[in-house]
Amino acid sequence: MLPQGIKKAITDNPKKLANLIDLVNLPSTLREFVGQSQISRLGCFVRVWSYIKDNNLQDPNNKNVVNCDEKLKSILLGKPQVKLAELPALIKLHFPKEAK
């Protein structure tokens, strides 16, 4: 069962959900990181988050900050540190703009 907020978001704007779950052809840098040629934005975010957790890249003093290794820097604009709140926007930059 979905939380009430998510249900409302889906019913109010189903196109927004489609943008998160539609498969997209990835640019080469993201393709190398994810290991697939197509993935959804949501799937990509999950892969990046798993990579961060598996490699203990969260700052031990501030869990809201990610210390990027070279592989992560390659997809996050070369930033040495990124706040967790910035991650979705930085990943979204790799995906094509939606047609209006």
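1. Within helix α4, the residues Gly43, Cys44, Val48, Tyr51 and Ile52 are buried, where buried means under 20% relative accessible area, exposed means over 50% and partly exposed lies in between, with a 1.4 Å probe and protein chains only. Helices are DSSP runs of H or I with at least four residues and strands are runs of E with at least two, numbered from the N terminus. The buried residues of α4 pack against α3, β2 (38-39), β3 (65-67), α5 and α6. This is a predicted model, in which local features need pLDDT of at least 70 and side-chain atom pairs count only at pLDDT 80 or more, while totals for chains, interfaces and linings use all residues. Residues are numbered from 1 along each chain as its sequence is written, and side-chain values use heavy atoms, with hydrogens and water left out.

2. The helix α4 has 14 residues and reaches 20 Å from its first C-alpha to its last, close to the 20 Å expected at 1.5 Å a residue, the expected span being 1.5 Å times one less than the number of residues. Asparagine 56 is exposed, with a relative accessible area of 65%.

3. Leucine 77 likewise has a positive phi, of about 60°, without being a glycine; most residues other than glycine have a negative phi. Leucine 77 is found in the loop between α5 and β4 (81-83) and is exposed, at a relative accessible area of 58%.

4. The largest nonpolar core has 21 residues, and Cys44, Val48, Leu72, Leu76 and Phe95 are those with the most contacts inside it; such a core is a set of buried Ala, Val, Leu, Ile, Met, Phe, Trp, Tyr and Cys residues joined through side-chain atoms within 4.5 Å. Two or more residues of this core come from each of α3, α4 and α6, and α4 gives the most, with four residues.

5. Cysteine 44 has 0% relative accessibility and therefore counts as buried. Not counting residues up to four places away in sequence, cysteine 44 touches Leu30, Val34, Ile39, Ile91 and Phe95, a contact being heavy atoms within 4.5 Å. Cysteine 68 is buried too, with a relative accessible area of 11%, yet a search of the whole structure finds zero disulfides, that is, pairs of cysteine sulfur atoms within 2.5 Å.

6. How many aromatic pairs are there? Rings of Phe, Tyr and Trp (its six-membered ring) pair if their centres lie within 6.5 Å, with planes under 30 degrees apart counted as stacked, over 60 as edge-to-face and the rest as tilted, and by this rule the count comes to one. The pair is formed by phenylalanine 33 and tyrosine 51 and is edge-to-face, at 5.0 Å centre to centre and 70° between the planes. Because phenylalanine 33 lies in helix α3 (residues 28-34) and tyrosine 51 in helix α4 (residues 41-54), the pair ties together parts that are 18 residues apart in sequence.

7. The charged end of lysine 71 sits over the ring of phenylalanine 33, 5.4 Å from its centre; this requires NZ of Lys or CZ of Arg within 6 Å of the ring centre and within 35 degrees of the ring normal.
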